[in-house]
Structures are given as C-alpha cells and as structure tokens.
Amino acid sequence: MSMEIAIPQTVERENYLNKEYGVWSWLLTTDHKRIALLYLVSITFFFFIGGFFALLIRLELLTPAGDLVQADTYNKLFTMHGMVMVFFFLIPSIPAVLGNFLVPMMVGAKDLAFPRINLLSWYLYIIGGAIMLHCMLTGGVDTGWTFYTPFSTNFTNTKIVEAGIAIFIAGFSSILTGLNFVVTIHRMRAPGMTWSRLPLFIWAHYATSIIQLLGTPVIAITIVLVACERALHLGIFDPKLGGDPLLFQHLFWFYSHPAVYIMILPSMGVITEIIACFSRKRIFGYHFVAFSSIAIAVFGFLVWAHHMFVAGISIYSALVFSFLSYAVALPSAIKVFNWTATLYKGSIHYDAPMLYAFGFLGLFTMGGLTGLFLAALGLDVHVHDTYFVIAHFHYIMVGGAVMGYLGGMHFWWPKISGKLYPEGWARLAALIVFIGFNLTFFPQFVLGYMGMPRRYYDYSHMPEFQVLNVLSTAGATVLGVGYLLPMIYFLWSMRYGKPASDNPWNAAGLEWKTASPPPTFNFDEEPVVTWEAYNYDELDAPPQKQEVTVG
Amino acid sequence: MADSSTIMGLHQEEEHHPQLLHHFADAGQQRDAASLGMWVFLATEVMFFGGMFCAYLIYRHWYFGDFGAASKSIDATLGATNTAVLICSSLTVVLAVWAAQTARRALLIGMLVVTMLFGLAFLGIKGYEYYQKFEEHHVPGASFSFDHVPIPGHPGEYANPRHAQIYFSLYFLMTGIHALHMIVGLGIFTWLLVMACKGRFTPEYYTPVEIGGLYWHFVDIIWIYLFPLLYLIDRHP
Amino acid sequence: MTGHASAKSPLKMYFAVWATLLVFTLVTFKVAFIELGPFNAVVALVIATLKATLVALFFMHIWHAGERLIKVAVAAAIFFLFLLLGLTLSDYLTRPWS
C-alpha cells in the first residue's frame, strides 16, 4: 500500500475489475458487480445448453418422420430445453446480471443491502444448476417443463425428483435476489433520490421482485408436494386415491404464469432506459410507466388459470380468468403506447441497443396480442397445446425478454467492461437476431393455427406442415448465428475494444456519472440527486457542456 | 496513505465486530434494512405455507366428513399443550429482545435458553404424536390403515381410508415443515446465544435478536393456525 | 424502538398479551367440543386470527414501532395468500360436476 505514493498517469484507475485478481477474489466476492459477472458467465453457459436442445428439436422437425431421435429422447429434449431456459436462463437473466450490476448504482448505493446473501444466491443458483446438469447427463426428464401430475408423480420413470430439487434450489436463489432488490430500493437510495426520480428500470425490477418473492415460494411447496407424492403415493394429486391433478396445475401456474412477468418486466425496464436515451427525451408519462409495472406484477397473479381452460376447470371460473387475462393487457398496452409516444418527435439514434429496443417493441406487441387470442375462451379451445402457443410465448420470452437482455447488454457493456463493442457488428447482429427470430417463430403461428400440436416429434401424417417447419428450422439457424455474434465480439472487445468514456451515450442516470468500469463502491463520493429522471433536455441543452459533477 | 490505511483498519475491525457494514450510511439504515429484509422473507414464508393451506382447504371442502374422522384420531390435548408451549416461547423471545434493548445480558441469555427449551419441548411432544400415529398405522404409505372409523355426526357412515390418507398426508407435511422451521429457529437461537455470551449485543446493536425473534413469532403464528385446522375440526361428540 | 423501551417498560403489556393468548387457546380448545354446526370452524378460525393478530401487533412490534412499509409488507402477504386461496376456490366451488 505504501508503495503507491506517486501514481503515474498511464496506470489505469482502480476499478472493480482490476482491484483484485485470482479465482478466490471472484468466488468469494461480495461486490454486486462481480456477482453480476459471475451470473453472466453462468447463465450464458445454460443459455447455450438450452439452445443446443432447441437446435436438436428444430433438426428433428426438419422432416415429417421421426428420424433423428427416438420419441423418448425428443420428450426429454423439449423438457430440458424448457427447464433450462426458464429456470436457469430467463428468470435470472436480466435481474441477476443487469439488475445486480445496475440496481445499486442507479439508486446511488455502494452495494446491495445484503452483499453476502447476494453471493449466497449465486451459489444456490450454481448448486441448482449443477444438480440440473447431473439430472440431464444421467437421463433427464420427459414430462415437459410443466411436469404435470399424475404423469410426473405416477408414471414417468425419469428423474422428476432430482429436477425438482434443482428448481427448488434455483428458486431460492431467485427469492434472495428479489429480497435484496426490494430492501435495496427501499432502504439504500442516495439523498435526493425520491421514488419519482428513480429510473424506470428500478421500478420494473421492484415489480419483478414482488413476483419473485410472492410467487416462487408457491412453486417451491408444489415441488415438495410432487416429490412426496412421487415417493410415497400420498394421493394429493392422484385421482385414483381421491386427489385432484388440477390442484397441481393451480399451484404450478400460480407461480409459473407470473414467472413470465419475471422475465418480461425487467426487459421492459431495459427498453425504457434505451428508448429514452436514444430518443434524447424524457420518457412520456413517467408515472404511468412506473405504476403499470406494479400493475402488471399484481394483475399477473390473477390470470393463471387461462393455462387450464381445457383442463376441466369450472366454466364460471374460466370466465373470470379470461376477463382478468384481458385486464393484464391494459398495463402492457400503456407501456407500449408510452414508449411510442416517447419516440414521437424524438431525436432518434439507431445505435445497436436501440435496434434491439425496436425489435422488442414489435415482437412484444405481437406476442402480447396473440396472448389475447389465447385468453379468449372459445379460441383457446382451438389453439390450445398447438404451435400457436409455442410461437406466442416465444414472442414474449425470446422476442421480448431476450431482445431486452441483449439490448441492455449492449447499452451497459461500456459501463460493465470499460470497453466499446464494435458498433457495426452489433447492428448487424441485431438485424440477424430480428430476422432469424421472425423466421423461426412466425411460421409456428401459422402451423399452430393449422393445427400442428406441440410436443410431437413425428408429423408424417401431415406432410404439408413441412414447408413451414423447414422455414422455422432455417430461422433457428440464423437466430443461432445472431446469438453467437454478440458473444464473440463482446469477448473480443474486452481485449481489443476501444476504452469507453464514463458516459459514452451521454445518457441520464447515476450509473453514467461514475467511472467505466466503476470503482468497487460505485461512487468516489456519495451522490446527491438534484435532478429529475431522464433529464435529456438538460443534458443536451448546451452544445458542449462540461461533465456534470456529482453532488 | 497512512491515514487511509488506519481508516481501513478501523473499518475492518468494525466489520469484524458486527456493527456497521461498509455499504451502509449509518447504523439506523443497517437496522432498517435487516428488519425489512426479515419481514419480506416472512411474506415469502406465508406463500410457502399458503400452498399447503390451499391444498388443505380444497380437500377439507371435498372430504368434509373423512377429514373430521381423521382429525378426531389425533390427540387434541397434546396439540393444545404444544400451542401453550409455543405461546410461552413467544413471550420469552419478546423478553429476550427487551433484555437486549435494555442491556440486561444475563436476562437475555436466560431468555434465549428458556426459549430453546420450549422449542425442544415442542419438538419432543410433536415427536411423541408422530410416534403415536406410527403405532396406529396412520402414517401414509404402504402400511396405512384407517378402516371402520365412523364419520362424526353421521351414524353408520365410515370414513374413506383413501380420503383420510390425504388428511394425514397434509397433517404430516404441514406439521413436518413447521417442525423443520422450528429446527431452523433453534439453529438461529443457538447462534444468538453464542453471540450473546460473547457480549456482542448492546442497546445500540441488537438487530439479530430482533429479527431472529420475528422469525420465531412467525413460526408460532403458523402453529396458531395449524392447531385449529388440524386438531379441532369436528371434535364435538 | 430504544426510545419506546426507555420511555415506558413494555413488560406489563407483554405479560397481558401472553395471558390473553393462553386464555384464547383454552377457549378454542373447549369450544371445539361443543356442537355449533358450521360455526365450530368459524369460531376456531376467528380465535386463531385474533391470536395471530395479537402476536403480530405486540410481540412483533407492529403496533408500536412498525412503520407503514412493514404494515404494507404484511398486508401484501395476506392479500396474495387470499388471492391464491380465493381464485383457486373460485374454480372448486363452481364446478357443476363436483
């Protein structure tokens, strides 16, 4: 320490990346930014495993005959694809990576409220992930990611309990992340950072955390019940013993429908930041966007039985759930209208993050509107369990959540790594992802409407489905290239990228007022917030204004 | 540099002696964060138990009489005793928090010990109940038997053993997971006891006692509901 | 918290709450053996709720020291629990075939 008296100008500033080196400085870190990067590496790993399964599924469906894999293997492929992507990629994706990195900085705190719990949550994720990997390598599960009873409890001979334990543990990781966010947002805001000055990214994460906290425990107890039922044949979900399999579906979807909002809400938060920055405007209707996030979180809990319309629930109850499902479209629509209104007369820049944001707008709108088809009691009977459903939720989860995740990764990459990514390649990748995505999933809407059921590996009795399936598989290949590109140039830029300034986008928000990459405790001095959120008119007002000093 | 390293040293010492962690502005913020954290965690616990209460509600509604007959086979006096034990333990917890607040270390240690004794007593009684059920073949599984048990209020009608088995499944799951929470609580209180013996708690810093206490009271509240739902349905002759 | 403790000893209140809880336990136990028809369950649950409320308000200090945020957290938990129970029951209670 005493050696560092005269620091030459050429030496890099101390930041969270170069403060310490070595494996243990990462594995035992309590710095939210380092934990975010641990998550980034882990979820990327699972993303490519899940993607590999998707690739095999698409390859099998290239031809009508079931010729690439056996029926049992196919069942395992789509099950493991779903379980890995939902529980080990999408749910942790934006909250655990971008949220972990940005929530403390955006509210002006040195760290999350409970740094050690934050590290614990990463370890829980890793333990859950390791169990899931072991489960996959030793046989996997063939029930579909929903592991419906009584098939999962009484009939399948695959590793339900092990997969259940993996999801149970990963669920606790998710709960602890949500708990950390809620407490941080309530208790750790910098002086002057009032609720209506918070970036909408924070509001979105607050809403997400509510769902993580109140929904996840229900899937946890459901998994416990399934495991007990499977091991001891208690009869709770077994119609033969007086139980009701529909009860499982109620409990499962009580979490798993809101879980979709765990995936999409943070993405909406990312998109809000990007659209404001690249339109150089304050977001239109700040409070509407903020409270629509909370409304989505609450309404999201009221709609779960629309997954069960044809499963034999009461028709009167189904009417209520159908109505409520339409209601949840309102806050989503408010957001889309407000983003569009923000664009109006904005000074729009077509940088890569904005391209992803545009992609999100279109794809999320399509995914949302087709969701209304499915919420309609009559139409749902026709398209239930067809590729229409698959296309719908991939438009939300991939077209929405993953587009937002990639947009956010590009937007904040200079802050995370301190390096600029190659803009030309990034725009190209955004375009490839958009084209590949639509090519993959739009044909599935048509297929589903024509009646192709999901989870079938052989459609040789309906060879006319092949053209659309070939299109879809071709699209998946393009999409795969689109996903590989950012990974390659992000890695490349870490070594060869141009150094990023503290605020390369000239964006509003506290995270841009500190160094890139930020120091370990985020700010050299505690920020005091005296400006409103998204003050782009102030940022842009004088042509070459000097850097705004904090405090 | 020398100054800053002294500050660093102090800082580390503070961290070692669990007072103010580096990322909090002051002790008040740290205490408020910890307390909110525990409350939010308890909210998730409500939902965790909520799933089982939901299953209970539906099968109680479907198999009203069978549940009554099955409930009658467990010992309500033991259940009531356990309720009293837990209520007493809640009192000792709240006294422990008060002792920590007012710097009464001996009382704090004493109350923590008494709380744990109550906790152990609860688990002992619970274990005895489980043993009874095991003897009577009321544990769900291969050797479960519940034949010719009359349904209360319906002379001549007998409980369906399969439906009674659902009652007993829920009984064991709900009380079992509750007991698991008790064991976790005992772990937390053991840690609090060690810390209290080391003199870590002062009127300025007793947050762990406070939030450990919150957890204990919550487990008590769950039992307050389990007792009538599992033990007291259709008791009347 | 510390302010309250130094201002007035809460011990009397703690013991009063404790005694009330024990009395409620005895009452609910005794009432269970009296035939009240459907009201047995109602009485049992009302008494349980009273007891839980007492524990939450006085032992968990919501009444004296709890800020509004804590109350909101408790209310949210109860609200979402009732959503789970209520909406699930909306299916079970209206099935025409069961």
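**Salt bridges and the B–C interface**

B:Lys133 and B:Glu136 join their side chains in a salt bridge, 3.1 Å from N to O. The term stands for a side-chain nitrogen of Lys or Arg within 4 Å of a carboxyl oxygen of Asp or Glu. B:Lys133 is buried at 1% relative accessible area, whereas B:Glu136 is partly exposed at 35%. Here buried means under 20% relative accessible area, exposed means over 50%, and partly exposed lies in between, with a 1.4 Å probe and protein chains only.

The model is predicted, so local features need pLDDT of at least 70 and side-chain atom pairs count only at pLDDT 80 or more, while totals for chains, interfaces and linings use all residues; side-chain values use heavy atoms, without hydrogens and water. Residues are numbered from 1 along each chain as its sequence is written, and chains are lettered from A and ligands numbered from 1 in the order in which they are written.

Over all chains, the search finds 13 salt bridges. One of them pairs A:Lys33 with A:Asp31 at 3.2 Å, N to O. Both partners are buried: A:Lys33 has a relative accessible area of 0%, and A:Asp31 has 7%.

Now turn to A:Arg280. Its salt bridge is with A:Asp540, and the closest N and O atoms are 2.8 Å apart. A:Arg280 sits in the loop between α8 (245-279) and α9 (286-299) of chain A, and A:Asp540 sits in helix α16 (residues 536-540) of chain A, so the pair ties together parts 260 residues apart in sequence. Helices are DSSP runs of H or I with at least four residues, numbered from the N terminus. A:Arg280 is buried at 14%. A:Asp540 is partly exposed at 32%.

Salt bridges also link A:Asp244, C:Asp91 and C:Arg95 in a network.

What about chains B and C? In contact (heavy atoms within 4.5 Å) are 47 residues of chain B and 46 residues of chain C. The two chains bury about 4,100 Å² between them, 82% of it on carbon and sulfur atoms. Buried area is the accessible area (1.4 Å probe) that two parts lose on being put together, summed over both. Across this interface of chain B and chain C, the rule finds zero salt bridges.

Which helices of chain B supply at least two residues each of the side that touches chain C? They are α2 (27-62), α4 (76-101) and α7 (207-231). The largest share, 15 residues, comes from α2(B).
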